[in-house]
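Please find below my notes on the model under discussion. They are set out as numbered points, each on one topic.

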Amino acid sequence: MKRIDRITHMEALFDKSEEVVRRLETALEDFTTIAPAIAELEAYYTSSQWRKDFEADEAGKLPKDLKRGVLSEDGLWNLLGDWERLKGITKL
């Protein structure tokens, strides 16, 4: 590889790597700040209130246009599991 080609190639690698590292740094900051919200979601999910809200949804007692992804057993369970997995990877 010629010098100019090599430097151009390495510069492209540098630019891409720097961009990814900066995005990850921002994401890690966001991840850290969301911890209180995750704790609140986990407390809700493991409470009797979540079960009552879930049963009200199943019984059709909630408005049809109410956004209620939090009542999705798999959705919330997966989010909490992903949080724990990523927390272990990031050592937070």
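1. Arg6 belongs to helix α1, which spans residues 3-33. The model is a predicted one, and in it Arg6 has a relative accessible area of 35%. Since buried means under 20% and exposed over 50%, Arg6 is therefore classed as partly exposed. Between the C-alpha atoms of Arg6 and Lys52 the distance is 63 Å, with 46 residues separating the two in sequence.

2. Gly60 is placed in the loop that lies between α3 and α4. Its relative accessibility is 46%, so Gly60 counts as partly exposed. From Gly60 to Thr90 the C-alpha to C-alpha distance is 41 Å, and the two are 30 residues apart in sequence.

3. The packing of two helices deserves a separate point. Two packed helices are described by the angle between their axes and the distance between the axes. For helix α2 (residues 35-45) and helix α4 (residues 73-90), the axes come within 11 Å and cross at roughly 135°. α2 is therefore oblique to α4, because only angles over 145 degrees count as roughly antiparallel. The crossing of α2 past α4 is left-handed.

4. Which residues make the contact between α2 and α4? From α2 these are Ala35, Ile38, Leu41, Glu42 and Tyr45. From α4 they are Glu73, Leu76, Trp77, Leu79, Leu80 and Trp83. By class, the contact of α2 with α4 comprises nine nonpolar and two charged residues, with no polar ones.

5. Glu73, a residue of helix α4, is named in the contact with α2. With a relative accessible area of 35%, Glu73 is partly exposed. Beyond its neighbours within four places in sequence, Glu73 is in contact with Tyr45, Trp50, Arg51 and Phe54. Glu73 and Tyr44 are 29 residues apart in sequence, and their C-alpha atoms are 12 Å apart in space.

6. The largest nonpolar core has nine residues in all: Phe31, Ile38, Tyr45, Trp50, Phe54, Leu71, Leu76, Leu80 and Trp83. Two or more of these residues come from each of α2, α3 (48-58) and α4. It is α4 that gives the largest share of this core, three residues. In soluble globular proteins, nonpolar side chains tend to be buried together.

Notes
Residues are numbered from 1 along each chain as its sequence is written. This is a predicted model: local features need pLDDT of at least 70, side-chain atom pairs count only at pLDDT 80 or more; totals for chains, interfaces and linings use all residues. Side-chain values use heavy atoms; hydrogens and water are left out. Axes are lines fitted to C-alpha atoms, for helices over the stretch in contact, and angles run from 0 to 180 degrees between N-to-C directions. Helices (H or I, at least four residues) and strands (E, at least two) are DSSP runs, numbered from the N terminus. Angles under 35 degrees count as roughly parallel, over 145 as roughly antiparallel, 65 to 115 as roughly perpendicular and the rest as oblique. A crossing is left-handed if the near helix is turned anticlockwise from the far one by less than a right angle, and right-handed if clockwise. Contact means heavy atoms within 4.5 Å. Ala, Val, Leu, Ile, Met, Phe, Trp, Tyr, Cys and Pro count as nonpolar, Asp, Glu, Lys and Arg as charged, and the others, Gly among them, as polar. A nonpolar core is a set of buried Ala, Val, Leu, Ile, Met, Phe, Trp, Tyr and Cys residues joined through side-chain atoms within 4.5 Å. Buried means under 20% relative accessible area, exposed over 50%, partly exposed in between (1.4 Å probe, protein chains only).
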